Amino acid sequence: MLNPNDNNGKTVSTDMNSTRTKTLGVYLKSRRAQLQPEQAGLTRSHGQRRTPGLRREEVAILAGVSATYYTWLEQGREVAVSRDVIESIGRALQLSSDEHVHLLGLWNANEPETVTPITTEVKPQWQEIVNQMAFPCFISNDRAELLAWNRAVDERIADFSSRPPEQRNMMVMLFTDPEMRSRLVNWEEMAAHSVAIFRTSFDKYSHDPWFAQFVAELSRESSEFAALWKLHRVEIKKVTRVFYSMPGDNQVLAYDINSLAFTVDHPDLHLCIYSPAVD
């Protein structure tokens, strides 16, 4: 058992890490609530459970740390955590591969927390690159804001060109635009996937008040977004298949969405290319 008074559990007073540790605590709590005792091999339960999922002390036992130490982590206290300990907690919570990567990103004990500015404009030549693509293609940032897109996006996904800049957000359009929803055949699947990806950005930029305000506003506008957001699921961007039906056309178009990091200087930008699906 790891005791919070041991050297590995000494309190860290660095203000730089305070936001990260609080975000880590929220994430651990959300994953604990999703794991049932039976899934963790705990067949006997003593006393009535007041909260869903595992108890803190149960996670601590499974991870081989003290209950006090694990409680401090969930509370967002600034305690030093080794990689071995965070890996052990991840195994105890039975995290998926994407969730495991996210956990390590929140821990990130070997690197100082840095504030990455959000890119809100792109160079004209980047727009030209997008224009040359025959299929839907756009550049977005970690806020899901579209900064550059081609005509195929307006024609097949949603008419972003007719929207004011503040509404050119993929999350907003996905949950509030009836036309985009009617075109997207597998809307439920893409909605859940998109929210899980956006959660990774939300945690990454936990210091940025824009994200909290955005989530609060979209939650008021869309109960479906609010319900998905409460699940606290995270996913990493990967090739995703999407299906669109065009107005007045019985044909369904299938695309594989490839999301690529755009430049080293702008790690928050993503080049999304919709390529025709090939089975």
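Colleague: Is Asp177 buried or exposed?
Modeller: This is a predicted model. The relative accessible area of Asp177 is 7%. Buried means under 20%, so Asp177 is buried.

Colleague: Which side chain meets Asp177 in a salt bridge?
Modeller: The bridge spans 2.4 Å, N to O. Asp177 sits in the loop between helix H8 and helix H9, and its partner lies in the loop between helix H7 and H8, so the pair ties together parts 14 residues apart in sequence. The side chain is that of Arg163.

Colleague: How many residues apart in sequence are the parts tied together by Glu224 and Arg181?
Modeller: The two side chains meet in a salt bridge of 2.7 Å, N to O. Glu224 lies in helix H12 and Arg181 in helix H9, so the sequence separation of the parts they tie together is 43 residues.

Colleague: Which residue meets Lys238 in a salt bridge?
Modeller: The N to O distance is 2.8 Å. Lys238 is in the loop between helix H12 and strand S3, and its partner, 140 residues apart, is in helix H5.

Colleague: How many salt bridges does the count come to?
Modeller: The rule asks for a side-chain nitrogen of Lys or Arg within 4 Å of a carboxyl oxygen of Asp or Glu. Arg32, Arg56 and Glu74 are linked in a network of such bridges. By this rule, the count is eleven.

How values were computed:
Residues are numbered from 1 along each chain as its sequence is written. This is a predicted model: local features need pLDDT of at least 70, side-chain atom pairs count only at pLDDT 80 or more; totals for chains, interfaces and linings use all residues. Side-chain values use heavy atoms; hydrogens and water are left out. Helices (H or I, at least four residues) and strands (E, at least two) are DSSP runs, numbered from the N terminus. Buried means under 20% relative accessible area, exposed over 50%, partly exposed in between (1.4 Å probe, protein chains only).
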